[in-house]
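Thanks for coming. I will take this one model in pieces, and you can follow on the screen.

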Amino acid sequence: MTDSSFPLSGFGSTAVHSGHEKDPRYAHLVPIYASSTYVYDSAEQGMHRFNGTEPGYIYTRWGNPTFTEAENKIAALETFGLKDATGNQLQAAGLLHASGMSAISTLMIALLQKGDKILSHYSLYAGTEELMSLTLNGLGISHTLDDLSDLSRVEDHFKKDASIKLLYLETPANPTMQCVDLEALTTLAHQYKVLVACDNTFATPYLQQPFKYGVDYVVHSTTKFLNGHGTSIGGILLGRDLERMKGSVGKAHKLLGGNSNPFDAFLLINGLKTLELRMNRHCDNAESVALYLENHPAVAKVNYTGLSSHKEHALASRQMKRHGGMLSFELKGGMEAGVSCINRLKMCTRTVSLGTCDTLLCHPASMTHFAIPKEKREQYGISDGLIRMSVGIENEADILSDLEQALA
Ligand SMILES: Cc1ncc(COP(=O)(O)O)c(C=O)c1O
């Protein structure tokens, strides 16, 4: 149990200790509070909890001690080492959700109303694009996707269309590793009173902290690197506006009912403790794999922000600590070569999802992005032959030799 007055100077220590509160029964780890509701000593106490004059849990859809540790730990990591305008430690609040999609849905429904518009970019996680084009569109919330690398074009959107209320970013983006400039875009959006949200799933707070650049909201699919072991689905929505997080955003979270569950929260907490160690190993291995693939005669193109050949290498190097564990590549033989490579893998795993200890490969055109029409996919850089790889933490030599035999 860390004394709360002890200053944690490192990201790794923060990942291990932050968010933990002493358990009243002296359990070392936060228990899995498998309880839907909480009791009161008196009717008055119940009344005080409901009207907020006494802190305390009420009902697990509204909050749970196991969720709280995960929420506070991720908030501490996303704000680690950051200062607010007055020079104090930046504060953020987190709301744990049942999935990344649930966190993104709460964000968009809480912030937007009928007639509002979202500005976003190409090559987003396909579920996010579908949420905007199918579900939100039906509710009268529209969106525009564009190439956000041209700031004057972005400014034109803001100037011409006052209905844009949210700039939604994902960087690096799934599955092409396209990056957008968090600082420049946020500064511009704020000039037009547009809120900015960023999906930080691929980078994690160890590699990139969107709040550093003034971003208002951060979302994660915690299913991925934050959990790190593929043991649960989850998401988190974090915001710097604590009043709004407690108010309208918190209310939407409670009413939409996309809360997490105590077991998944417990698994997430345990995964988070090793985030720094895991991310460094993911990065080491991905750097080697990217270089190997770039020099392989069967490979036409490698998308990895750590390669100097990547269009946004300089930008990613500026806004990220390292380049992460995700990459994608295209084989010269197109779809057929891609399918055959995936089928020949012996150690690496054929599956969607990402951020687990083992190396995972998938084929976005037929799997994660199958619902996006081919011409749109190609416009986003997702060709039929593209393979996405989540590079794991196995020994580098084993990953390379599995690729070697699969590409032979
Ligand atoms: C970048 C990104 N954001 C959001 C999601 C959605 O997360 P979940 O599957 O936890 O709902 C995913 C899922 O793959 C993703 O890759």
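This is a predicted model: local features need pLDDT of at least 70, side-chain atom pairs count only at pLDDT 80 or more; totals for chains, interfaces and linings use all residues.

Residues are numbered from 1 along each chain as its sequence is written, and side-chain values use heavy atoms, with hydrogens and water left out.

Which residues come nearest to the ligand? They are Met101, Asp199, Ser221, Thr223 and Lys224, out of 14 residues around it; a residue counts as near if one of its heavy atoms lies within 4 Å. By class, that shell has four nonpolar, seven polar and three charged residues. For the classes, Ala, Val, Leu, Ile, Met, Phe, Trp, Tyr, Cys and Pro are nonpolar, Asp, Glu, Lys and Arg are charged, and the others, Gly among them, are polar. Helix α4, residues 100-111, gives the most to the shell, with three residues. Helices here are DSSP runs of H or I with at least four residues, strands are runs of E with at least two, and both are numbered from the N terminus.

A nitrogen atom of the ligand is 2.6 Å from an N or O atom in the side chain of Asp199. For the oxygen side, an oxygen atom of the ligand is 2.7 Å from an N or O atom in the Thr223 side chain, and an oxygen atom of the ligand is 2.6 Å from an N or O atom in the Lys224 side chain. On its own the ligand has 390 Å² of accessible area, and the protein covers 91% of that. These areas come from the Shrake-Rupley method with a 1.4 Å probe.

Next, helix α10, residues 248-256. Its buried residues are Val249, Gly250, Ala252 and His253, where buried means under 20% relative accessible area and exposed over 50%, with a 1.4 Å probe and protein chains only. Seen down the axis, they fall within an arc of 160°, so they line one face of α10; the arc is taken from the directions from the helix axis to the C-beta atoms. They pack against β1, α4, β6, β7 and α9, contact meaning heavy atoms within 4.5 Å. Gly250 has 6% relative accessibility. Beyond its neighbours within four places in sequence, Gly250 is in contact with Leu95, Arg244 and Met245. Just after the helix, Gly257 takes a positive phi of about 75°.

In helix α14, residues 334-344, the buried residues are Gly338, Cys341 and Ile342. Their arc is only 95°, which puts them on the same side of α14. Glu336 and Asn343, on the other side, are exposed.

Thr60 sits in the loop between α2 and α3 and is buried at 10%. Its side chain reaches the backbone oxygen of Ser35 at 2.6 Å.

Last, the backbone. Where is Pro172? Pro172 is in the loop between β4 and α7, and a cis peptide bond with omega of about -5° joins Thr171 to it. Pro175 lies in the loop between β4 and α7, and the bond from Asn174 to Pro175 is cis with omega near 0°. Met177, not a glycine, has a positive phi of about 65° and is buried at 2%.

Notes: A polar contact is a pair of N or O atoms within 3.5 Å; within protein, one must be able to donate a hydrogen and the other to accept it, and residues adjacent in sequence count only if both atoms are side-chain atoms.
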